[in-house]
Amino acid sequence: MSLVGNLEDLGLGEIFQIAGISRKSGVLRLRHDGVVVRIVFDAGLIRGAFEGDGGPDLGRYAVAQGLLSETALEQMLEATGASGAAVGQALVELGCLDEEGLGPLLRRHLDDVITRVFAWESGEFSFDLGRAESDTEDHEPLLSEGVNPQFLALEAARRLDEANGSSDSAAQTASPDENDPFADLDAAVARHSVPAAEDEDERGRTPDGARAGDPLSTASGEPDPTSASGAPDVASAPGDPDAASADLGAPESTGGASASSLPVVAVDADLATLEWIKRALDPLGIRVHILQRSEQAVARIRQYLLRGQSAVALLTTATPPDPVSGAADWAAIAARLRAQVPTQLVLLLTHDANAPGGLPDDSQPDAVAVRPDPTVLSDPRAEAQRTDLADRLRIALAQMQGLEPVELSPDPWRAKWKSARDMLRHASSLDAVWQGLLDFASEGFERTALFTIDAEEATGVGARIRHQADEDCERVDASTALALEESAWLRKVAETRCALRAAPSGDGDHALFGGLGAQRPDEAFIAPIERCGTLVAVLYGDNAIRRGTVPDTRPLEPVLKEAGLALERLPATP
C-alpha cells in the first residue's frame with residue numbers, strides 16, 4: 001500500500017505528525033529538483049534518512065565530518081567493497097570510529113538530512129507502508145532505536161531559523177547528539193541570558209517570590225502548537241481547547257492576565273485534565289500547549305528558549321515519566337529544567353494545592369493549584385466546583401509571574417446553582433420549569449427571555465429585565481412569535497443544537513430581543529433546551545443595558561440540561 005501526494009498539499013510536518021501518531025512503518029520517499037530522499041519509519045519512529053536509492057553516502061558524510069579523508073574513503077571502498085550498511089561496519093573496522101561512535105554519526109546524519117528536506121518548499125512524496133528496511137548490504141544502516149518524528153521536525157525548524165537568522169548562528173549552536181530534549185538548553189541560555197537582578201537569590205527569585213532577570217518575557221515567532229496527542233493544538237482546545245478552531249494565534253483576552261503573561265506548556269497523562277486546563281486558561285488570552293507526553297512538553301519549552309522566549313511549565317502529580325531524559329516524575333523534570341534554566345517557572349497541580357514535602361530546592365514549584373479529581377471533571381453537577389478550581393488556577397498563574405492580581409469576573413450563578421437544580425428536579429408543571437429557569441438565568445443577564453419552539457416557530461413565554469445588579473427583576477411580557485427562519489440566531493441554534501454567543505445580524509434577530517427594550521446588544525447568548533432529543537425551547541440573554549459583554553456561561557449550561565431532564569419527567573409534552 002502506498003500514499004502519494006504533493007508537499008504543497010500536505011506538508012512534511014503534517015506527514016511526520018500522521019505517521020508518528022498512527023505509528024506507521026514503511027519508507028517515505030521525497031522528490032524535489034531531481035533529489036530523492038528516503039526516510040525510514042518503524043512503528044511511528046524514524047530510524048534513518050538517506051539521499052538516493054542507496055550507496056555509500058554515509059562514507060561521504062564521514063568525510064564531511066572529518067573522520068577520514070576522501071582518499072581514505074576511496075581506498076576503503078576499493079579494499080573492502082563496502083556499500084550501504086557495510087560502510088558503517090568498515091569505518092569501525094578501520095578504526096575511524098568505535099562501535100559507540102557509529103550511533104551518534106548516524107544520528108547527526110539523520111538530523112542533517114531531515115533539516116535539508118524541511119527547507120524544500122515543493123516536491124512530491126510517496127509513503128510505502130510495510131515493515132521498516134533492515135540493516136542489509138543493500139541499504140544504509142539504521143539507528144538501533146528510532147527518533148520521534150515531531151522532535152526531529154522541531155529540531156529542523158530550529159536549525160533552519162538559526163541558519164536564516166544570522167550568519168554566526170551555526171558557530172554559536174550545536175545540534176544535540178542524542179534524543180535528550182535537555183541536551184542543548186545550556187547553549188540557548190548562554191545566548192539569551194542577561195545579568196540577574198542584585199536582589200535575586202541563587203535560583204533567580206526576587207524577595208516577593210517572582211523570578212527576575214528572565215530574558216524571555218516577550219514572544220515573537222511562535223512555534224507551531226501541539227495538542228495532547230502531538231497534533232496541532234486546537235484551541236481552543238478544547239477549550240481552546242483549541243480544541244474549536246486551530247490554535248494558530250492566541251485568543252483575544254477577555255480580561256484578567258497582563259499582556260506580559262507567558263505561554264503555558266501543560267503535561268498530564270489524563271486528556272480530560274488537560275482539556276480542563278485549556279478551558280480554565282482560555283480567558284487569559286495566552287497560548288496554552290497541552291500534551292500527554294513529557295518529552296514533547298520539554299521539547300516545546302526548549303523551542304521557546306531557543307527562540308529567546310520563555311514558557312511556564314505546568315506539571316501535575318500525574319505528569320508521566322520522560323523516557324528520553326530518564327526523568328521519573330514531575331519533580332525530576334522540574335529539576336532538570338532548572339539545572340539548565342534557573343529561572344524556569346514551574347506551576348504544579350496536586351490533589352490538595354500543597355507541594356509534596358521533602359523536595360530538593362530545584363524541584364520546588366513556584367506555585368501550586370488543585371488538580372481536579374476525575375469525578376469532578378465528569379460530573380455535570382460539579383460545574384460550580386470546576387469553575388472555582390479554574391479561578392484558583394488563573395490566580396496562581398498570575399501571582400507566580402509577579403503580575404497584577406487577576407480580576408476574575410464573578411460567577412453570577414454560583415450562589416443559587418444548587419437551589420435552581422433542586423427546584424427543577426422537583427418541578428411539577430411546565431410553567432414552574434420555565435419560570436424557575438428564567439429566574440435563575442436572570443442572575444447573570446440584564447435581559448433574559450425564553451421562547452418555546454413549535455412547528456418551526458418561536459413563541460415568547462416570559463422575560464426578565466434587571467436594571468441594577470442589586471434590584472429585583474422586572475417581569476416583562478414576551479409573547480412575540482417569530483419563524484425560526486427569520487432569525488440567524490435561531491437558525492443556527494436549531495441546526496447545531498449548540499449554544500452560541502454572537503451579535504445580531506438582521507431584522508429577525510432584532511425582533512427576538514426587541515420586546516426587551518431599545519438597546520441593541522453587542523453580544524447575546526442563545527441556548528437550546530431539548531426534551532428527549534427534540535428542541536423545545538430557546539433561552540436568550542444579554543447585558544445590553546450597562547455591562548455590554550456576556551459573562552462566562554459555562555456554569556449556566558448544567559442548569560439548562562437539568563431543565564431538559566425536568567421536562568422529560570413531566571407527563572405532558574410542552
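Which residue of β10 does Val 265 stand opposite? In this predicted model, where local features need pLDDT of at least 70, side-chain atom pairs count only at pLDDT 80 or more, and totals for chains, interfaces and linings use all residues, the residue opposite Val 265 is Ala 313. Residues are numbered from 1 along each chain as its sequence is written, and side-chain values use heavy atoms, with hydrogens and water left out.

The chain holds 18 helices and 19 strands, which are DSSP runs numbered from the N terminus (helices are H or I, at least four residues; strands are E, at least two). Of its 574 residues, 50% are buried, meaning under 20% relative accessible area with a 1.4 Å probe, protein chains only.

Five strands form an open parallel sheet in the order β9-β8-β10-β11-β12, where two strands pair if DSSP finds at least two bridges between them. The edge strands, β9 and β12, each pair on one side only, and β8 and β10 are joined in the parallel sense by four bridges.

Elsewhere, helix α1 (residues 12–21) has buried residues including Leu 12, Ile 15 and Phe 16, and just after α1 Arg 23 takes a positive phi of about 55 degrees.
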